[in-house]
Amino acid sequence: MSKTREDVKAGIWVIGGIAALVTIGLTLTLAIGGVSRLTAPFRGEVDKRDRTEGSGSFRIATYEEFFGLCSTVQSKEGAMKALEEENKTASEPRRAQISTSLTALKASRIEAVNEYNAKAAQEHRAAFKDKDLPPRLAVDDMNTTCAP
């Protein structure tokens with residue numbers, strides 16, 4: 001069996017067709033991947049905006065979260081003031097307990113102040129903080145005001 005000229009031509013066409021299909025497939029894959037890579041920043045920004053500004057539940061939760069964080073700081077300050085007042089007339093064993101409690105409350109208050117400030121500094125959260133809340137809380141200011 002010898003191959004005829006037509007058989008050789010047909011074989012070349014088949015191989016050429018396969019090569020063309022592979023080339024087209026690779027070109028499409030690279031083009032789609034390139035477009036995806038080029039649009040990634042835009043798609044990321046849209047996704048971020050949808051999850052924050054476009055989400056009513058996120059907006060409400062963030063708004064309420066700032067009040068919660070601020071009131072936590074106020075509560076700790078109130079407890080510290082109450083203990084300091086009690087300390088004036090307390091017995092010596094009770095004073096030791098009060099001292100320990102004050103130390104724990106001070107540390108806990110600092111954590112709450114830092115959490116408030118960290119969240120207030122986040123660009124995607126800051127827009128949803130009530131305008132009457134302080135922009136930042138001070139660690140050394142023991143008179144935190146959360147609302148006018």
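This is a predicted model: local features need pLDDT of at least 70, side-chain atom pairs count only at pLDDT 80 or more; totals for chains, interfaces and linings use all residues.
Lys119 touches Glu65, Phe66, Leu69, Arg125 and Ala126, leaving aside residues up to four places away in sequence.

Lys119 is located in helix H3. Is Lys119 buried or exposed? Its relative accessibility is 17%, and therefore Lys119 counts as buried. Lys119 also takes part in a network of salt bridges, in which it is linked with Glu65 and Glu115.

The chain holds four helices and zero strands, and its pattern along the sequence reads α-α-α-α. Of its 148 residues, 22% count as buried. The chain exposes about 10,600 Å², and carbon and sulfur atoms supply 61% of that area. Consider next the contacts between residues at least 6 apart in sequence: 65% of these join residues at least 24 apart.

A word on confidence is in order. The mean pLDDT of the chain is 83, with 82% of the residues reaching 70 or more. Where in the chain is confidence lowest, and where is it highest? Helix H1, residues 5-51, has the lowest mean, at 74, whereas H3 has the highest, at 94.

I turn to the interior. In soluble globular proteins, nonpolar side chains tend to be buried together. The largest nonpolar core here has 11 residues: Phe66, Leu69, Cys70, Val73, Ala112, Val113, Tyr116, Ala120, Leu133, Leu137 and Cys146. Helix H2 (56-87) and helix H3 (92-121) each supply at least two residues of this core. Two of the core residues, Phe66 and Leu69, have already been named among the contacts of Lys119. Val73 is another member of the core; not counting residues up to four places away in sequence, Val73 touches Arg109, Ala112, Val113, Leu137 and Thr144.

How many disulfides does the structure hold? It holds one, formed by Cys70 and Cys146, whose sulfur atoms are 1.9 Å apart. The pair links distant parts of the chain, with Cys70 in helix H2 and Cys146 in the segment after helix H4 (123-126), 76 residues apart. The link is left-handed, with -95° about the S-S bond. Cys70 counts as buried because its relative accessibility is 0%, and Cys146 counts as buried because its value is 6%.

Finally, I come to the charged pairs. A search of the whole structure finds seven salt bridges. One of them joins Glu77 and Arg109, with the closest N and O atoms 2.8 Å apart. Glu77 lies in helix H2 and Arg109 in helix H3, so this pair ties together parts that are 32 residues apart in sequence. Both Glu77 and Arg109 are buried.

Another salt bridge is that of Glu92 with Arg95, where the closest N and O atoms are 3.9 Å apart. Why are these two residues separated by about one helical turn? Glu92 and Arg95 are three residues apart in helix H3, which accounts for that spacing. Glu92 is exposed, with a relative accessible area of 57%, while Arg95 counts as partly exposed at 32% relative accessibility.

Asp132 forms a salt bridge with Lys131, the closest N and O atoms being 3.6 Å apart. Here Asp132 counts as partly exposed, at 40% relative accessibility, and Lys131 is exposed, with a relative accessible area of 75%.

Methods
Residues are numbered from 1 along each chain as its sequence is written. Side-chain values use heavy atoms; hydrogens and water are left out. A nonpolar core is a set of buried Ala, Val, Leu, Ile, Met, Phe, Trp, Tyr and Cys residues joined through side-chain atoms within 4.5 Å. Buried means under 20% relative accessible area, exposed over 50%, partly exposed in between (1.4 Å probe, protein chains only). Contact means heavy atoms within 4.5 Å. pLDDT is the predictor's confidence in each residue, from 0 to 100. A disulfide is a pair of cysteine sulfur atoms within 2.5 Å. Accessible areas come from the Shrake-Rupley method with a 1.4 Å probe; for residues, only the protein chains shown count as cover. A salt bridge is a side-chain nitrogen of Lys or Arg within 4 Å of a carboxyl oxygen of Asp or Glu.
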